[in-house]
Amino acid sequence: MSRYLIVVSVLVLLAACSDAPESPVPVVDADSPARPVYDEEAIKQQAAQALLPFKQQLMQALQRGLEQGPAQAIDVCRLQAPAIAAAASVDGVTIGRTSFRLRNPGNAPSVWQQVGLRHYQQSEDREPMLIDLENGQMGYMEPIVTAPMCLACHGSELSVEVKDALAKHYPADQATGFAAGDLRGIFWVSLPVTDQVVPSP
Ligand code: HEC
């Protein structure tokens, strides 16, 4: 019997005895070392929560920068985006942004992030997703969709000022030519999940 089937049948058995006492023992895979099942919804919420200040601060920095014009805003984004991501990464939680068409090569996707990027590129799914990194960490990703305000720096028609600033700081820039509504990339979070074992149903 495949591992998948065994896990499913254990779940079915557990669901069948509805008055079984709640137990903190994780549902485990029958023929491989104990493998906990996580409360995916709770982890997604925790990750989304960790992303909130990052998103808000990025957006504020961008808006403040844009008030001075897109070329100045590039400086704000260039200098502040990595710093904001680093500051928001605490308690073993790391966060960031990445894309299949990068502006900053420092944002290059890891292997699990490439899996997420491919998923969103190949489907219409725009819901957050989780990947078990199998090292006590979960990887969380949510798609970033291009909004009209992004086009000044990521669209097809860039001002000369913006083009110059991008050429200066990002000579290998691939992150232009997007249209509103296009997938631009993802936000990602990796978070420790050691204490997130779900009690049996
Ligand atoms: C003022 C110009 C500007 C605007 C407007 C702008 N960006 Fe960017 N964007 C940048 C710069 C500069 C970087 C590289 C900063 C860094 O190191 O993360 C960047 C990087 C990114 C990245 C990280 C991946 C990569 O390519 O390095 C994503 C994702 C992204 N932008 C999405 C957006 C979205 C979505 C919007 C609209 C809400 C937006 N940007 C608006 C200038 C801009």
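Student: How are helix 2 and helix 3 oriented to each other, roughly parallel or roughly antiparallel?
Tutor: Keep in mind that this is a predicted model. Helix 2 (residues 40-67) and helix 3 (residues 70-88) pack at an angle of about 160 degrees, with their axes 8 Å apart. Angles over 145 degrees count as roughly antiparallel. So helix 2 and helix 3 are roughly antiparallel.

Student: Is the crossing of helix 2 and helix 3 left-handed or right-handed, and how many nonpolar residues does the contact have?
Tutor: The crossing of the two helices is right-handed. Helix 2 brings residues including F54, L58 and L62 to the contact, and helix 3 brings V76, C77 and I84, among others. By class, there are 4 polar residues and 1 charged in that contact, and the nonpolar ones number 13.

Student: On to the strands: which residue of strand 3 is the bridge partner of I131?
Tutor: Strand 2 (residues 129-132) and strand 3 (residues 137-145) run antiparallel, joined by 4 bridges. In strand 3, I131 has as its bridge partner G139.

Student: And which residue in that hairpin takes a positive phi?
Tutor: Look at the hairpin of strand 2 and strand 3, with 4 residues between the strands. The phi there is near 55 degrees, and the residue that takes it is E134.

How values were computed. Residues numbered from 1 in each chain as written. Predicted model: local features only at pLDDT ≥ 70, side-chain atom pairs only at ≥ 80, totals over all residues. Heavy atoms only, no water. Axes fitted to C-alpha atoms, helices over the stretch in contact; angles between N-to-C directions. Parallel < 35°, antiparallel > 145°, perpendicular 65-115°, else oblique. Left-handed = near helix turned anticlockwise from the far one by under 90°. Contact = heavy atoms within 4.5 Å. Nonpolar A, V, L, I, M, F, W, Y, C, P; charged D, E, K, R; others polar. Pairing = 2+ DSSP bridges.
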